Amino acid sequence: MAKNWGQRLRKWIAKQLDLPEDVMMNLPRLTMVGQIHLYIENHRGLLSFSDSEIRVRLIRGQLLVKGSSLVIKAILPEELLLEGMIEHVIFIQE
């Protein structure tokens with residue numbers, strides 16, 4: 001109950017102050033350039049990695065990226081840059 005109330009309050013504040021909701025609510029932001037680059041912001045860590053599949057932990061759930069020749073070009077505490085041939089980007093709710 002308190003968690004939902006806090007989320008509603010943050011959403012209301014973001015709307016009133018005209019701020020992006022992803023910033024106020026810690027939502028992930030994905031930026032894709034074609035099928036070759038995927039930039040993920042507000043992640044919570046890397047769960048698994050191979051050249052065909054990457055699983056990233058989010059604040060609520062996981063992000064599954066499937067493709068070929070996947071490479072992590074940069075990883076920071078809340079940012080991740082992937083390169084390769086990206087075929088699927090799937091959100092998994094927990």
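Analyst: A polar contact of 2.7 Å links the side chains of Glu79 and Tyr39. The model is predicted, so local features need pLDDT of at least 70 and side-chain atom pairs count only at pLDDT 80 or more, while totals for chains, interfaces and linings use all residues. Residues are numbered from 1 along each chain as its sequence is written, and side-chain values use heavy atoms, with hydrogens and water left out.

User: What makes the pair Glu79 and Tyr39 a polar contact?

Analyst: The term requires a pair of N or O atoms within 3.5 Å, where within protein one must be able to donate a hydrogen and the other to accept it, and residues adjacent in sequence count only if both atoms are side-chain atoms. The 2.7 Å between these side chains meets that limit.

User: Why is Glu79 called partly exposed?

Analyst: Its relative accessible area is 30%, and because buried means under 20% and exposed over 50% (1.4 Å probe, protein chains only), a value in between is called partly exposed.

User: Which residues does Glu79 touch, leaving aside its neighbours within four places in sequence?

Analyst: With contact defined as heavy atoms within 4.5 Å, Glu79 is in contact with Tyr39, Ile40, Glu41, His43 and Ala74. Asn42 is 37 residues away from Glu79 in sequence, yet their C-alpha atoms are 6.3 Å apart.

User: How do you know that S1 and S2 pair?

Analyst: Pairing requires that DSSP finds at least two bridges between two strands, and S1 and S2 (residues 37–41) have five, in the antiparallel sense.

Methods
Helices (H or I, at least four residues) and strands (E, at least two) are DSSP runs, numbered from the N terminus.
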